[in-house]
Amino acid sequence: MIKKIGVAILGLGVVGGGTYKLLTEHKEYYLKTQNVDITVEAVLVRNKEKALAFGVPKNVLCSNIAEVVANPNVDIVVETIGGCEAAKEYVLTALRDGKTVVTANKELICKYSHELERVAKRTGCGLYFEASCVGGVPIIRTLLDGVQANKVQEMMGIINGTTNYILSKMSQEGADYGETLKEAQRLGYAEADPTNDVEGFDALYKLSILSSLAFHTKVPYTKIFREGITKVTGIDIAYGKDLGYTLKLLAIGKNGEDGVEVRVHPTFIPETHPLASVSDSFNAVYLKGDAVGDVMLYGRGAGSFPTASAVVSDVLYASTHSEVRYSTFKNTANADGSVKFVSDFESAYYLRLSVDDEAGVLAKISGVFSKCNISLVEVSQVSKKKGQNEAEEMGRVPLVIVTHTTKESLIKNAVAKLNALKIGEVKALIRVER
Ligand code: NDP
Ligand code: HSE
């Protein structure tokens, strides 16, 4: 039997626009393959002229949420506005009114899923958010269904398209950071405020959602260590290349004996690592399950149609499943008291120093590492790269150091001690995963 479903789309930007096109262009296909007849019944926008020019018929356009929820033909509300202001109010209104919600909004789900889910449970509605993490890559469905049999021990991924695009271009073409960011915005990869991308907040929201689902415990975003890519220079990307490394903004989640460890930061990985070849706006996530071993998902993490693919898949799922599934964990603002979080994590490190070109300097530096109980893999005086500030580096030489695995607190202590020596300065500190 054919099921008739009415959809409302809130916000007609990059993702909302892609969703509108996919739903309308594939209407017959979904009818034929999945027995659902989906009609876009309402599109909520601020600028009706823009929406008309986009091809949305006048009779479906509206400008307030009350109109949307009052429409008896609307079964599913798709939220593609972003942020936590209007979006939160509209999603709550829809859920309270008994409409299932599909959202692409990672910030909203990361910060308020507990509030939204409570209302959804009360009114028996679905709350779906596949598009909120890793764009078109079906990571949420994989965590909820595909690897459900496993205790997921670890995940590591490139989960922000904008920063991967920027780092790839900087590495492959020596491109300028600012220009490449503008290009990522033009291509529709970046958030409304790109600070969220380049400072790692977007990846942090996603990691909070993904690790909560993977580890079956709320992982509040406040527990995640975060560092963005704004301090990354072409100089370090080039030195890293000489050492056989590629630089990526990685999101790392581990659930081990010491507790849950979650972090987002620029990371050097060996150029032979499978994540090293993930370029452009592509994303990839590695999962390690106790039964399945390694699983890797790869695909477009941002952009209009890739993200619409995830949104519409949720719409189809909601249309064809009568039973709603909620979080597998107690969805609260904070984790249960019994869950421990690891703050002093372990990593290997790359350091670039600019040091006085004098006898005895290397001995002083290695003395600091030895006192801090940090063992070194590599110490090399390297030749200057394009972009180094000649005046600032006058009489100084660049020194690159790679450490064995050590604790974050020990390396921070070593950096403070190195800077206090007054024989140079630590110019860069980048974590290394081998
Ligand atoms: P855009 O900025 O392109 O689109 C947002 C749209 O929402 C704009 O058209 C804007 O209207 C509209 N809007 C904002 N406030 C209101 C409001 N109060 N009432 C009605 N409309 C409003 O953002 P994206 O499409 O890129 O992102 C949307 C969501 O999808 C975000 O949560 C984002 O994190 C998420 N996402 C984005 C991806 C991407 O690749 N871009 C990928 C995965 C998720 P106006 O034109 O008037 O400003
Ligand atoms: N701004 C995000 C990114 C969109 O660049 O990955 C996808 O969530």
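## Ligand 1

An oxygen atom of ligand 1 lies 2.6 Å from an N or O atom in the side chain of E191. Such a pair is a polar contact, defined as N or O atoms within 3.5 Å; within protein, one atom must be able to donate a hydrogen and the other to accept it, and residues adjacent in sequence count only if both atoms are side-chain atoms. Taken alone, ligand 1 exposes 890 Å², and the protein buries 82% of that; accessible areas come from the Shrake-Rupley method with a 1.4 Å probe, and for residues only the protein chains shown count as cover.

This is a predicted model, in which local features need pLDDT of at least 70 and side-chain atom pairs count only at pLDDT 80 or more, whereas totals for chains, interfaces and linings use all residues. Residues are numbered from 1 along each chain as its sequence is written, chains are lettered from A and ligands numbered from 1 in the order in which they are written, and side-chain values use heavy atoms, with hydrogens and water left out.

Around ligand 1 there are 21 residues, of which V15, R46, K50, E191 and G303 come nearest; a residue is near a molecule or strand if one of its heavy atoms lies within 4 Å of it. A backbone N or O atom of V15 is 2.9 Å from an oxygen atom of the ligand. A polar side-chain atom of K106 likewise lies 2.9 Å from an oxygen atom of ligand 1. The shell comprises nine nonpolar, eight polar and four charged residues. In this division Ala, Val, Leu, Ile, Met, Phe, Trp, Tyr, Cys and Pro count as nonpolar, Asp, Glu, Lys and Arg as charged, and the others, Gly among them, as polar.

## Ligand 2

The residues around ligand 2 include K106, N160, Y189, E191 and K206. A nitrogen atom of this ligand is 2.7 Å from a polar backbone atom of Y189. Oxygen atoms of ligand 2 are involved in two further pairs: one at 3.4 Å from an N or O atom in the side chain of N160, and one at 2.8 Å from an N or O atom in the side chain of K206.

Taken alone, ligand 2 exposes 260 Å², of which the protein buries 94%. Helices α8 and α11 (201-215) are the elements that give two or more residues to its shell. That shell divides into three nonpolar, four polar and five charged residues.

## Helix α8

Helix α8 covers residues 161-173; helices (H or I, at least four residues) and strands (E, at least two) are DSSP runs, numbered from the N terminus. Its 13 residues should span 18 Å at 1.5 Å a residue, and the end C-alpha atoms are 17 Å apart, which agrees. The expected span is 1.5 Å times one less than the number of residues.

At the start of α8, a side-chain oxygen of N160 reaches to within 3.2 Å of the backbone nitrogen of T162. After the helix comes G174, with a positive phi near 65°. Of the 13 residues in α8, 10 are buried, where buried means under 20% relative accessible area, exposed over 50%, and partly exposed in between (1.4 Å probe, protein chains only). Among the buried residues are G161, Y165, I166, L167 and M170. The buried residues pack against elements including β7 (152-158), α9 (177-186), α12 (234-242) and β11 (282-289); contact means heavy atoms within 4.5 Å.

## Helix α12

In α12, the residues I235, D236, I237, Y239 and G240 are buried. These pack against α8, β9, β10 (259-270), β13 (346-356), β15 (396-403) and β17 (424-432). Just after α12, G244 takes a positive phi of about 90°.

## Individual residues

S113 lies in helix α6 (residues 106-123) and counts as buried at 9% relative accessibility. Its side chain is joined to that of N331 by a polar contact of 3.2 Å. Apart from residues up to four places away in sequence, S113 touches L108, K218 and N331.

G18 is found in helix α1 (residues 14-25) and is buried, with a relative accessible area of 1%. Not counting residues up to four places away in sequence, G18 touches G13, S304, F305 and A308. In strand β14 (residues 376-381) lies V379, which counts as partly exposed at 40% relative accessibility. Leaving aside neighbours within four places in sequence, V379 is in contact with L362, L399, V400 and I401.
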